[in-house]
Amino acid sequence: MPQNTTLNINGKDQAVSVEPDSMLIYALRNNLGLHGPRFGCGLGECGACTVVIDGEAIRSCITPVSTIGTSKITTLEGLGTVDNPHPLQKAFIQEQAAQCGYCINGMIMAAKALLDHTPHPSRDDIKEALDGNLCRCGTHMRIVRAIERAASQAE
Amino acid sequence: MKQNESGIGGAQLNRRGFLQASGGLVVAFSLFNATEIAVAEPAAGRSVASPPAGKLYAWLAVHPDNTATLFTGKVETGNGVLTALAQIAAEELDLPIDRLDVVMGTTSQTVDQGPSYGSMTVRYAGPQIRQAAAAGRQVLIDLAAKHFGVSSNQLVAREGTITILGSSDRSITYGKLVDGKRLDVDIGASGERFAMKVAPEARTKDPSTYTVVGKSVKRKDIPGKVTGEFTYVQDVKVDGMLHGRVVRPYGVESRLLSVDENGLKDIPGFVQVVRRENFLGVVAETEWGAIQAAEKLGSTLNPSGPDDGQAKWSNWNGLSPMDQIWDTLRQTAGINRSVASTGSVDIALASQSGGQVLKATYKTPFQMHGSIGPSCAIADVKSDRATLWSGTQMPHETRGDIAKILGIPLDDVELRWFEASGGYGRNGLDHSVADAAIMSQEVGRPVRVQWMRWDEHGWEPKGPPIVQDLLGIVDKDGNAIAWRHHMWVPTITDTHLIAPALIGKPDVTGITGTGATPVIRYVYTFDNTDVAVHDEGRVGLLTAWLRSPAQFETTFAMESFIDEMAVAAGQDPLAFRLAHIDDPRAIAVLKAAAEKYGWVSRPAGGKKLQGAGKPVQGRGIAWVNRDDVRVATIADVTVDPASGQIKVGRVVVAHDCGLVVNPDGLRNQVEGNVIQSLSRTLHEEVTFDRAHVTSRDWEGYPILRFSDIPDSIDVVLVNNTPQYPSYGAGEPATNPTAAVISNAVFDAVGVRLRQTPFRPERVKAAMG
């Protein structure tokens, strides 16, 4: 049965009532209205649902709510907005690094985790960090360039 | 162009009121900031019919804040057409593009301009919108003339403001002129969909004066998409909405024998099972509840058999064995059609002596659209009307299909369009609308259906497998004298929906094949030619259009076999092509690609392997004429003989789609086409057993990853001048890729790959 749980999301504690064994993505999307994380496969294979939990890129579609505890969750919404985008989001806009855009949440969140660990990654580092994220439109070249651009502007 | 008696009158509405009145939506319809979706019940008796194409308000609204909205029946599928169409309209309207929003697809607000497929949106809807916007500009000028009491030719429109020439202090904005009224002006329209002519008398600008068309305007949708503020169809919430999941048959044509509902009521939020004939679904208050319930009934990644879940299916094993699919399709009923016939290949065969007769068979498998987001739709079906929310590429057609399935008059059905994950053709989106409609009709509440990954992989319509036999003759002097290309192509236009078939009404909507879709453009000038297609048959799985339908595959065979001919003739593959083409635009793209690449003439390949296991480089070239667009592609590959792995290095594409509306948007499309088609060339094959598709997730249907991307993709634009119309660029650059890679592999290691995908084990096997 649903239980009241507190999740720390984008710097704020948020109460949700969900079944403990349900996956985090449904709490984020349906209970909290956070649409950055996207349902792609439900199997942890494509990366569209990626969020950052305690600094690591995590697949929210296979992460039960009961396993989160007090961990800090960051979603795409926690980075920036259209009016005030995060440097990564800005770089994706500058490089026009999206087509349908459905996978882009995962690309940006995986890149966020990468750049937090490795502020100046090589092109191979970027490709390796994103190798588990699928893009069907074929925007890969621009995605790599956007992450390189964001990294080059980092302190 | 005359104004109605009501002028541009009617109730004074602000922008929000306008949208409410016209669409019943309480939606902040900003492209940059689509936020809260709260959907009001349609007002009782409110018409949800599409607006008349001959009225200006069907295309354009001008708001008091001096912004405007363009309405189009075309939809965005990730190609950037929203921005391209906005550029065309903003250009003619003399309105800054950031003041122009675009409403797409919603059937009560837009004119049916035909589906958004086949690279035909900018090509056909572009001129319609250009004319409507030009008519709009003229109406605004006329209003200003009346306002100032001067003649129209004393006025100039710029950036949303009309000024009296020579008196810069006397000006008025579009917003003030229109004053919140509906643009109830007759602009005239005739014909339908792609062939529709809109506002034929409106005077459009001279293309040489364009300031918005031809610029790399940043796409309007991208900021919302990279921040999570964008609203995809998967994000739409409707008051009182339930969550549904489908439970598909185990075998493609299995019958539903029984459903054991034991334990379903223990699932929190579970509402009910929906069962009609072989259609099975579940609905629940929560998405998680629906997923749990569907799983109990048998909706899982790898069901072990037709009675694995609590729903029991008949044992159906009617699919062809996978390795025999190409033999099966040769025997499939269909239509024989001659594409090109000159001279006589048979006489050439009988009379030639001392030359070389080449024969080859090319095979390509079922492939899938593979949208990253699974299909999703919401339906709210009442006894006498229905509202649908969908990301379909053909909203007006799907509205009609659902009306037929439900038995509700068309004028009482509305489809509200929101973008979905990229589709690349006819995927599961339309099918999910039918699923949602049937479930909503059954439960009497709005139902949101989202397919699980295995529903999408297993049941989306596939691109068909194709087999092609080729024969060529090179005479003893090295001249190519004959060419035969026979192809067996199952239908790429089956629009039957899954759900109606499952409820026992398979033919209430949909057609199988129209015979109208060209699957090849034969372009060479050999003396003796026999090119023929056997197509429009059905082969086991539902098949429909997949990016550059069938021409990706036929170009693979044609452009690889041309290379085989060039090798037999001992000629450079570029020179050989140029010697047998007389199309100037084809010659132009081939030369442009070669120049950019730095092509040095030499016969292709068959290089001896230098030392065991050492990777070898090769280059390949191929081109296509896809629906009047010419594309030539050259790529470098490195083949690792030890592993059989192909690594793509530099790619050069020369692209002629006529006048380019947005150069960076076009480059984005070309890059996307190259990478997606590389994925299809190197990795993709739908697997199946005798009962169903077994490629049910990304493990079972691997696609290209970042580790496989080329080193670079250079794009050269050819004939980007107003001398040519804008032909459309959504898919042509897909076509040459498989041939380019096959040709490059031959150049590298001397083996000819004639069956996709070129996975390492296949490449290694070919090398012996």
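Which strands of chain B does helix 6 (residues 287–297) of chain B lie across? I began with this one, and found that helix 6 lies across strand 11 (242–246), strand 13 and strand 14 (279–284) of chain B, running at about 145° to strand 14 of chain B.

Notes on conventions. I am working from a predicted model, in which local features need pLDDT of at least 70 and side-chain atom pairs count only at pLDDT 80 or more, while totals for chains, interfaces and linings use all residues. Residues are numbered from 1 along each chain as its sequence is written, and chains are lettered from A and ligands numbered from 1 in the order in which they are written. Helices (H or I, at least four residues) and strands (E, at least two) are DSSP runs numbered from the N terminus, and angles run from 0 to 180 degrees between N-to-C directions of axes fitted to C-alpha atoms, for helices over the stretch in contact.

Entry, the sheet of 7 strands. I then followed the open sheet in chain B, which has the order 13-14-11-21-18-19-20 and mixed pairing, where two strands pair if DSSP finds at least two bridges between them. Its edge strands are strand 13 (270–276) and strand 20 (413–417) of chain B, each pairing on one side only. Neighbouring strands are turned by 20° against each other on average, direction ignored. Inside the sheet, strand 18 (residues 376–381) and strand 21 (residues 447–450) of chain B pair in the antiparallel sense over 4 bridges, and I noted Arg448(B) as the bridge partner of Ile378(B). Helix 9 (residues 395–406) of chain B lies across strand 18, strand 19 (386–390) and strand 20 of chain B, at about 140° to strand 20.

Entry, the sheet of 4 strands. I looked up the open sheet 25-26-27-28 of chain B, whose pairing is mixed, and found strand 25 (616–626) and strand 28 (712–717) of chain B at its edges. Strand 27 (residues 645–656) and strand 28 of chain B run parallel and are joined by 6 bridges, with Val651(B) partnered by Ile713(B). Helix 17 (residues 737–749) of chain B packs on this sheet, touching strand 25, strand 26 (629–640) and strand 27 of chain B, and its direction makes about 155° with that of strand 25.

Entry, Ile162(B). I placed Ile162(B) in strand 7 (residues 161–164) of chain B, and it is buried because 25 other C-beta atoms lie within 10 Å (buried: 20 or more such atoms within 10 Å; exposed: 12 or fewer; partly exposed in between; C-beta atoms placed from the backbone). Ile162(B) and Ile172(B) are 10 residues apart in sequence and 5.5 Å apart in space, C-alpha to C-alpha.

Entry, helix 13. I checked helix 13 (residues 551–569) of chain B, whose 19 residues should span 27 Å at 1.5 Å a residue, and its end C-alpha atoms are 26 Å apart, which agrees (the expected span is 1.5 Å times one less than the number of residues). Of its 19 residues, 18 are buried, and Gly570(B), which follows the helix, has a positive phi near 70°.

Entry, the two chains. I found 49 residues of chain A in contact with 50 residues of chain B, contact meaning C-beta atoms, placed from the backbone, within 7 Å. On chain A, helix 1 (24–31), helix 2 (87–94), helix 3 (104–117) and helix 5 (140–152) each supply at least two residues of the side that touches chain B.

How values were computed:
Contact = placed C-beta atoms within 7 Å.
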